[in-house]
Every structure is written in structure tokens, then in C-alpha cells.
Amino acid sequence: MLFRSIYTSSDISATTEAKEMVKLATQAGLKTKVYTIAQSNDLAQVAQSMARDKAINAVFVPTDNTIASSMPVLLQATNPAKMPVFPTASTMVQAGGIAAESINQYQIGVTTGKMIAKILRGQTINDTPVEFMKKGELVINVKAAQKLGIDVPADLLKQAKAIPGGIIK
């Protein structure tokens with residue numbers, strides 16, 4: 001299986017996520033190749049180049065605001081090539097990606113609000129630990145999967161239905 005990753009090279013968090021995913025994919029026996037863009041204007045050309053490679057089985061997109069804001073451009077190249085895109089953010093799945101084990105942006109806001117409240121009540125920033133989301137939520141875009149001829153297994157649909165907004169039709 002050939003796996004591709006595309007991200008904005010100047011986005012440190014996207015770069016870190018993509019490198020970690022490539023590492024994990026390689027450990028799982030997948031062949032990988034990385035595509036990068038410098039700005040949103042580069043996405044159409046890079047995505048078209050990637051889509052011409054018929055050996056690609058799937059595309060991974062890390063949390064990347066540049067690509068997230070240009071998902072339609074990426075999908076214009078990948079969808080006709082029947083190349084599924086698996087982003088990390090639920091908003092990118094809503095925009096046409098196939099599925100993601102995504103962090104809940106709302107829950108991040110709630111957690112951040114609680115941290116800010118502690119600081120406003122007098123807790124010092126130095127005594128406020130960094131908090132991480134411990135579990136993602138499965139989000140599946142059934143319509144996008146069907147468009148590419150992908151049948152989503154029933155157990156995954158059931159798992160996604162258990163969360164609000166887990167299935168996008």
C-alpha cells in the first residue's frame with residue numbers, strides 16, 4: 001500500500017504530525033511519500049501532481065490550517081483519481097475528507113476555559129499544567145466515501161454514531 005502525506009512546510013505542528021504519521025506508517029509496512037506546500041497557492045499544482053500518481057492508495061493531511069482552508073482545492077484533484085483523503089480534523093472531514101479520529105474542538109475550548117478560570121482565580125501560570133486531549137472521536141463522511149466507492153464497515157459507522165456529529169451524510 002502506498003500512503004501519501006501533504007502539509008504546509010512552514011507549519012511546525014503540521015510538519016511534526018506528518019513526520020510522526022510517516023514514521024508510524026513505515027513501521028506498519030506502508031510505503032510513504034511526502035508532499036509539501038509553502039502556501040495555499042501551491043496546493044492545486046502539488047495536489048494535481050500527487051493525483052497523477054496512480055500508485056497512491058490514500059492521502060493523510062495533518063492538522064494544517066492552510067490545507068484546511070483549501071480542502072476543496074485538494075479534493076478537486078484527489079476525488080477524480082478516487083484517492084481518499086484522511087485528515088485529522090472533523091472540519092476537514094465535513095469539507096469532504098473521508099474520516100478522522102479527530103480531537104473535539106469544542107472540548108478543547110471547554111478545557112481551555114477551565115484553565116483560564118483557574119488562572120483568573122489566582123492560580124499562577126507556572127502552576128497550571130498543560131492539558132492534552134486523551135481520546136479522539138471518530139468522524140466519518142459517508143457521502144464522500146460513497147462518492148469514491150468506499151464501503152464503510154458497519155462497526156465503524158456504529159462507533160461514529162455514538163458521538164454527536166460522528167456521521168456526516
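How many bridges join β5 to β6, and in which sense do the two strands run? There are 4 bridges between β5 and β6, and the strands run antiparallel. This is a predicted model, so to speak of local features a pLDDT of at least 70 is needed, side-chain atom pairs count only at pLDDT 80 or more, and totals for chains, interfaces and linings use all residues. Residues are numbered from 1 along each chain as its sequence is written, and side-chain values use heavy atoms, with hydrogens and water left out. Helices (H or I, at least four residues) and strands (E, at least two) are DSSP runs, numbered from the N terminus.

**The sheet with β5, β6 and β7**

- Here we have an open sheet of 3 strands in the order β5-β6-β7, with mixed pairing; two strands pair if DSSP finds at least two bridges between them.
- β5 (99-102) and β7 (167-168) sit at the edges with a single partner strand each, so one side of each has no neighbour in the sheet.
- On the β7 side, β6 (residues 137-141) runs parallel to β7 and is joined to it by 2 bridges.
- Ile140 is partnered with Ile167 of β7, and Asn141 with Ile168 of β7.
- β6 is mostly covered, with 4 of its 5 residues buried (buried means under 20% relative accessible area, exposed over 50%, partly exposed in between, using a 1.4 Å probe and protein chains only).
- Helix α8 (residues 154-161) lies across β5, β6 and β7, at about 115 degrees to β6. Axes are lines fitted to C-alpha atoms, for helices over the stretch in contact, and angles run from 0 to 180 degrees between N-to-C directions; contact means heavy atoms within 4.5 Å.

- β3 and β4 pair in the parallel sense over 3 bridges, and Val59 stands opposite Val85 in β4.

**Helices on that sheet**

- Which residues of α2 are buried? They are Leu43, Val46, Ala47, Met50 and Ala51.
- Looking down the axis of α2, the buried residues fall within an arc of 135 degrees, so they line one face of the helix; the arc is that of the directions from the helix axis to the C-beta atoms.
- The cover over those buried α2 residues includes β1, β2 (31-37), β3, α3 (65-68) and α4 (71-78).

**The salt bridge**

- Search the whole structure and you get 1 salt bridge (a side-chain nitrogen of Lys or Arg within 4 Å of a carboxyl oxygen of Asp or Glu).
- The side chains involved are those of Asp53 and Arg4, at 2.6 Å, N to O.
- Asp53 is in the loop between α2 (43-51) and β3 (58-61) and Arg4 is in strand β1 (residues 2-8), so the pair ties together parts 49 residues apart in sequence.
- Arg4 counts as buried at 4% relative accessibility, while Asp53 counts as partly exposed at 22%.
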